[in-house]
Structure formats: structure tokens, C-alpha cells
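Here are my notes on the model, for your comments. Please read them beside the coordinates.

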Amino acid sequence: MTDRHGKVVEVQLAPVTEAIRALVTSLELGPEQLDFVASNTESLDEAALDADARPRVVMAGDRVVGFLMYEAPADDDEATIYRFMIDRASQGKGYGKAALRKVLDEISGLGHVRHVSICYEPENEGARHLYRAAGFVEEGLDEDGEMIADLVLPTQTVDP
């Protein structure tokens, strides 16, 4: 994955461990973004109560640059990414695009998921642009006024 200047951007996703939790909860959004996503503390507390939640830290080398969370229940062909943020100091460097590609690869690798949905505030143009560029198609607003977008994953073929 490359950033807008052609520089290679490498990120890894990893489970959130107790050792790294404080770094995840210290990540910050810009002031204009605070209403767009729940805090990472709230998200991790929610994950502790939800067996389907899969919280992931976004790492660039040994630096924590973001956080995301999704669910992909084994009895459903849909995964939902419901938290996604890159720290304000790391935005604009291609980490969001690279992390989105990584999580979509992870979800696709589960084998049972056929499409991925994501929700975001309609006025969040950065999110809209990122998700649209990845192939998500807006479907309309949900009951909370958030935009729902869906991505159909390519079908995986199995060699006989």
C-alpha cells in the first residue's frame, strides 16, 4: 500500500492486549472529529462484554497509530466494522487506507463472510471518501442517522 506521495505504507493489525490497552485509549481524534466515533475506552469496555467483538490495534512498525473493531459472527455472512480511527498525529499518511485493506483481508480470510457493512456520520467526508475508494456503496441512513455502506467481498474459489 502506498500513500498519496507514493511512499510505501506498512501497517499491521493486532489484538488489543492489556499491555497495549493504555496506548490504544490514549489515541486522539482531531477536535472536529470527536462526534464521529465512540471513544476507544468505551469501545474496549464494550468488547469485553461482546463475544463477537474483534478489537484490533493498528500498528505502524512499533507505533500504535489507530484502532478498529468489527464483528463477524460465525452464523452470519455479514461482518460489521463499527469502530475505526487513526490518531490525529498519524492522519494523512495512508495508515487509514492501509488498515482498512488489512481488516478487509482479515475478514475475507474468515471464509464465511460475503459482505461487510460500515456506518459513519454523513458529514464525515474523510470517512465517506475512504470507504467509497475501497468499494463501499452507500445504502442510506440507519435509525440513528448514520450512513450505512456495504461492500460485497469477492467470492473465493476453492480448487477441487
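**Notes on salt bridges and helix packing**

1. Arginine 56 counts as buried, at 15% relative accessibility (buried is under 20% relative accessible area, exposed over 50%, partly exposed in between; 1.4 Å probe, protein chains only). Its side chain meets that of glutamate 106 in a salt bridge, 2.9 Å from N to O (a side-chain nitrogen of Lys or Arg within 4 Å of a carboxyl oxygen of Asp or Glu). Arginine 56 sits in strand β2 and glutamate 106 in helix α3, 50 residues apart. Glutamate 106 is partly exposed, at 25%.

2. This is a predicted model: local features need pLDDT of at least 70, side-chain atom pairs count only at pLDDT 80 or more, and totals for chains, interfaces and linings use all residues. Residues are numbered from 1 along each chain as its sequence is written, and side-chain values use heavy atoms, without hydrogens and water.

3. Mean pLDDT (the predictor's confidence in each residue, from 0 to 100) is 86 for the protein.

4. The salt-bridge count is six. Arginine 21 of α1 pairs with aspartate 45 of α2, 24 residues apart. Their closest N and O atoms are 2.9 Å apart. Arginine 83 also bridges to glutamate 46, at 2.8 Å. Arginine 83 lies in β4 and glutamate 46 in α2. Arginine 83 is buried at 13%, whereas glutamate 46 is partly exposed at 32%.

5. Aspartate 76 is in the loop between β3 and β4. Its side chain reaches the backbone nitrogen of glutamate 78 at 3.2 Å. Aspartate 76 is partly exposed, at 33%.

Notes:
Helix = DSSP H or I, 4+ residues; strand = E, 2+ residues; numbered from the N terminus. Polar contact = N/O pair within 3.5 Å; in protein donor to acceptor, adjacent residues only side chain to side chain.
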